[in-house]
Amino acid sequence: MVAPPPLYRPLPSAHQSVAWPALPGPEAALMSAMLQQLDQSQWWPPEAMRRQQLNQAGALMTHAYRTVPYYRDRLAQAGFVPGHPLTEEIWAAVPVLSRAEVQDAGESLFSSEIPQRHGQTYEISTSGSTGRPIKAKGTRLVQFLWDAMTLREHLWHRRDFSGKLAAIRSFPSGTAEYPDGAKAKNWGRSTKDVFTSGPSAVLHIGTKIEDQAEWLGRQQPDYLLTYPSALRELLLYCKRKGLRYPSIREVRTLSELLSPEIRDLCREVWDLPIADLYSTQENGYLAFQCAEEGSYHVQSESVLLEVLDDDGRPCRPGEIGKVVVTSLHNFAMPMFRYAVGDLAEPGEPCPCGRGLPVLRRILGRVRNVLVYPDGRKAWALLGDMYYTEIPVIRQFQIVQKTVRDIEIRMVAERSLTAAEEERVRGWFRERSGHPFAIAITYHREIPRGPSGKFEDFRSEIA
């Protein structure tokens with residue numbers, strides 16, 4: 001498929017007397033240079049990208065060997081020698097870093113001497129939804145690359161920067177609260193120095209669904225960014241009320257697993273596509289959806305992402321394995337081959353022609369695996385309970401309590417009848433392929449996690 005020619009997006013000129021061609025200021029010039037390189041490297045063959053990744057990973061390893069005591073023995077035992085080229089064999093010998101190891105290591109993973117031109121540091125604290133939170137550290141360079149990838153994703157999808165951007169997501173308590181939310185004159189840090197953009201508006205994810213719908217009606221945005229679980233609730237509400245937002249051109253989702261059912265529902269209710277983003281707080285953007293083909297392209301210029309099987313070997317297309325990530329430019333807190341806790345399936349090269357690796361599916365957290373009494377494990381791709389056609393169900397969460405027991409937590413307009421409850425149980429047993437014992441419990445609400453995320457299914461089995 002041949003992509004259409006790029007849209008003309010003028011750069012801001014830092015010289016009042018020269019409007020065009022623009023003479024950009026330092027920040028805009030730096031970002032423009034980065035975007036030009038990304039525009040070229042996305043078409044490289046995989047072998048060329050891999051060489052550059054190992055070259056950058058080698059520089060990061062040399063830095064970690066010298067300034068992060070935690071890594072000296074770990075890298076030496078893998079055969080790494082500072083100043084020598086990093087080979088595939090040495091890379092494969094570096095042990096995968098688990099979340100528990102990161103938690104135990106704490107500040108011993110912080111570098112004692114960060115290169116000066118990497119800029120100021122900042123701290124990140126993850127939600128800790130799997131237990132203790134992780135405290136990470138980044139630099140201005142890491143933020144710069146995050147911004148560059150944000151712009152790349154906008155450009156891939158040919159968004160009109162003059163439009164209005166709305167986001168319903170997690171914010172600090174007391175921020176972006178209903179009814180007003182918060183507003184800005186531009187789309188945020190990534191665009192403000194490079195492209196002239198329209199305004200943006202944000203709303204806290206904890207807002208009641210009917211208030212989210214009312215707020216959207218007032219904002220009339222061109223683009224909406226939110227979590228998949230929040231989008232599903234909003235779509236079901238809009239379907240019941242017959243609400244549409246003609247101004248919205250595209251929906252973007254992030255932070256949670258996006259199911260095919262939610263994509264279908266968005267098409268059904270709003271007749272809109274969804275562009276999904278795959279990221280983690282510790283490592284930034286990992287993959288974006290291809291605008292032409294829909295698969296996910298790994299952002300290989302900033303992360304080295306691997307999908308490994310249980311024996312630590314790279315998965316082939318069609319195989320499911322754990323996602324292992326190395327952020328290539330975080331010199332404040334290097335994390336080599338960090339298992340982020342997700343499962344994914346690699347794909348074949350994308351027909352769009354980009355050489356960036358492909359993820360066919362992102363399956364979400366390892367903790368969301370359904371365990372059977374005989375020891376089998378399966379990814380709980382159960383689909384959406386919306387398709388049980390019981391319209392009083394507003395929200396649900398499935399929790400595996402033991403290998404035999406399932407709890408389905410439900411928020412509904414009323415308690416289900418015995419026949420409706422049996423339909424829900426039948427739906428789960430049919431989707432899972434096993435006669436689990438199922439208890440249905442009713443709740444006023446099912447709270448989101450500290451970061452605003454929500455999981456349809458989670459397991460309490462250790």
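Biologist: How much space lies in the largest cavity?

Modeller: About 100 Å³ of space lies in the largest cavity. The model is a predicted one, in which local features need pLDDT of at least 70, side-chain atom pairs count only at pLDDT 80 or more, and totals for chains, interfaces and linings use all residues. Residues are numbered from 1 along each chain as its sequence is written, and side-chain values use heavy atoms, with hydrogens and water left out.

Biologist: Which residues line the largest cavity, and what are their classes?

Modeller: The lining consists of Val 142, Leu 145, Trp 146, Met 149, Asn 283, Gly 284, Tyr 285, Ser 302, Val 303, Ser 327 and His 329. Helix 6 (140–156) and strand 9 (284–289) are the elements that give two or more residues to this lining, and helix 6 supplies the largest share, four residues. Helices (H or I, at least four residues) and strands (E, at least two) are DSSP runs, numbered from the N terminus. By class, the lining has six nonpolar, five polar and no charged residues; Ala, Val, Leu, Ile, Met, Phe, Trp, Tyr, Cys and Pro count as nonpolar, Asp, Glu, Lys and Arg as charged, and the others, Gly among them, as polar.

Biologist: Why does Ser 302 count as buried?

Modeller: Buried means under 20% relative accessible area, exposed over 50%, and partly exposed in between (1.4 Å probe, protein chains only). Ser 302 has 8% relative accessibility, and therefore counts as buried. Ser 302 lies in the loop between strand 10 (296–298) and strand 11 (303–308). Leaving aside residues up to four places away in sequence, Ser 302 touches Met 149, Tyr 285, Thr 326, Ser 327, Leu 328 and His 329, where contact means heavy atoms within 4.5 Å.

Biologist: What is the volume of the second largest pocket?

Modeller: The second largest pocket has a volume of about 1,300 Å³. Of its 45 lining residues, Trp 146, Arg 169, Phe 171, Leu 254 and Tyr 285 lie nearest its centre. Helix 6 gives the most to this lining, with six residues.

Biologist: What makes a group of residues a nonpolar core?

Modeller: A nonpolar core is a set of buried Ala, Val, Leu, Ile, Met, Phe, Trp, Tyr and Cys residues joined through side-chain atoms within 4.5 Å. The largest such core has 55 residues, of which Leu 216, Leu 224, Leu 234, Val 251 and Trp 270 touch the most other members. Helix 9 (residues 228–241) gives the most to this core, with seven residues. A second, separate core of 44 residues includes Ala 105, Tyr 278, Cys 315 and Val 340.

Biologist: How do you know that Cys 290 is in no disulfide?

Modeller: A disulfide is a pair of cysteine sulfur atoms within 2.5 Å. The cysteine sulfur nearest to that of Cys 290 belongs to Cys 352 and is 3.8 Å away, and Cys 290 is in no disulfide. For Cys 266, also in no disulfide, the nearest cysteine sulfur is that of Cys 238, 10.0 Å away. By this rule the count comes to zero disulfides. Cys 290 counts as buried because its relative accessibility is 3%.

Biologist: Why does Gln 220 count as partly exposed, and what is its phi?

Modeller: Gln 220 has 36% relative accessibility, and so counts as partly exposed. Its phi is positive, about 50°, although Gln 220 is not a glycine. Most residues other than glycine have a negative phi. Gln 220 lies in the loop between helix 8 (209–219) and strand 6 (223–226).

Methods: 1 Å grid on protein atoms, 1.4 Å probe; cavity = no way out; pocket = protein on both sides within 12 Å on 5 of 7 lines; lining within 4 Å. Points joined across faces, edges and corners; volume = space filled by probe spheres on them.
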